[in-house]
Amino acid sequence: MDGDYRHHSRAASHIQMKLYREASSRKEKRFKHLKKLLMKEEVLRAAWENLNKDTNSAGVDSLTIRQVEESGVEEFLQTVREELKTKQYRADNIRRVDIPKEDGSQRHLGIMTVKDRLVQGAMKLVLEPIFEADFENCSFGFRPSKSTKLASLEVYKWLETGLNQVVKGDIKNCFDNIPHDKLMDCLKVRIEDKYVLSIIESWLKTGVVEADSVFYPKKGVPQGGIISPLLVNIFLDQFDKNWKRDVFETHAGEPGERLVRYADDFVVLGKNWVDFAHIRAVLADLGLEVNREKTTVNNIKKGFEFLGYSFLEISSEEGLEGKIRLTPTGSSIRRVIEAVEKATEFDPSFPRPIECVLEDVQKVVNPWLHYYHHTEYVEGLEEIQRYFNAQLRQYTSKYRETELSRMQEGRQISKAF
């Protein structure tokens, strides 16, 4: 099975590379016959293997991935392939659930059927290399070979060059507010296959089931859809290009402002000031707006946070030009401490061995270290370590007391016999 997966993965990657090269070399090309690629065995098989197998959630048809595996994956893939081949594929309604956020609000999450997830995964494999050839370098979210780490280093780089004025912005309800017609226009720039376009449009307009009612969205992309981040990037590429065009046209030589975007979060850095009104105008042209509550206009001397990283200029003792510090945010440290506290809770009815507690703590701390290993994380790690040491001492003491009590109880029982 692993050999088959590697074979199909390599074959799908080969198709993607050909699409990327073609799109890169022919910027005006509109791609036809994408349906043929969508229904290829290697593409569908690679899309299936890419699905999250850990979830047992089901869409409106109540079918889970585990049930598909039990009844036969090959038969399932063949059925989907036949629907695509005969143009009988239709998007199912989306089951919506609400996930609570830390701030007390609700995040709407759409759960699609396994079939729709599969076709979306295949569509992403086909479309992503085409549009990757067009995306701007300032975009870092949900892209191959891009990451939050690279985004943080890009911001750090421009701060180090002296761009000390900062607008840290957030696009208001971006996923929910993208206009369908404008998004389809963006897709048509590169896609000429009408059936592929109709499939994407059906995902945008399909019914959303909540409780006993169904509503049909007039705008937005499905939250939780496999292809949704790519669709958002395709649409927001206009923001990147329009902003870049305007800034480069209005500045002689090197522009005075730089943009770094991660999905619907962005930072604009400037030497003396940042034209916030211009940012709002560019987004307004796309039918979007800045979330004023989550947007800050600041100087690097006061610091700001972006993608879980904290940026701050530290002046030297002589008052000369300062150094940019890139560190974990205080909230990220607090979340780890809270997780450590939970991992070291002592249950007298079921005391876990110390080794198990250490393993649970490592599962919390190691991902945090991996995320922040390129930053000045030592102070944050020391804070976590101090808290953990105190918790471990308490846990060890309670564990020993419990074990001693059990041993004493055991002796008393043995004496009774």
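A: A pocket is defined on a 1 Å grid over the protein atoms alone, as an open set of points where a 1.4 Å probe fits, with protein on both sides within 12 Å along at least five of seven lines; lining residues have an atom within 4 Å of a point. The model is predicted, so local features need pLDDT of at least 70 and side-chain atom pairs count only at pLDDT 80 or more, while totals for chains, interfaces and linings use all residues. Residues are numbered from 1 along each chain as its sequence is written, and side-chain values use heavy atoms, with hydrogens and water left out.

The second largest pocket has 18 lining residues, and Leu-51, Asn-52, Arg-117, Gly-224 and Ile-226 lie nearest its centre. Two or more lining residues come from each of α3 (41-50), β2 and α6 (114-132); helices (H or I, at least four residues) and strands (E, at least two) are DSSP runs numbered from the N terminus. The most, 5 residues, are given by α6. The space in this second largest pocket is about 350 Å³, a volume being the space filled by probe spheres set on grid points joined across faces, edges and corners. Its lining divides into 7 nonpolar, 8 polar and 3 charged residues. Here Ala, Val, Leu, Ile, Met, Phe, Trp, Tyr, Cys and Pro count as nonpolar, Asp, Glu, Lys and Arg as charged, and the others, Gly among them, as polar.

The largest pocket holds about 1,400 Å³ of space. Its lining comprises 41 residues, with Lys-101, Asp-170, Asp-264, Asp-265 and Lys-294 nearest the centre. Elements that give two or more residues to this lining include β3 (165-170), α11 (228-250) and α14 (354-372), but the largest share, 4 residues, comes from α13. By class, the lining has 14 nonpolar, 13 polar and 14 charged residues.

Trp-48 lies in helix α3 and Phe-76 in helix α5 (residues 73-85), 28 residues apart. Both Trp-48 and Phe-76 are buried, that is, under 20% relative accessible area with a 1.4 Å probe and protein chains only, against over 50% for exposed and partly exposed in between.
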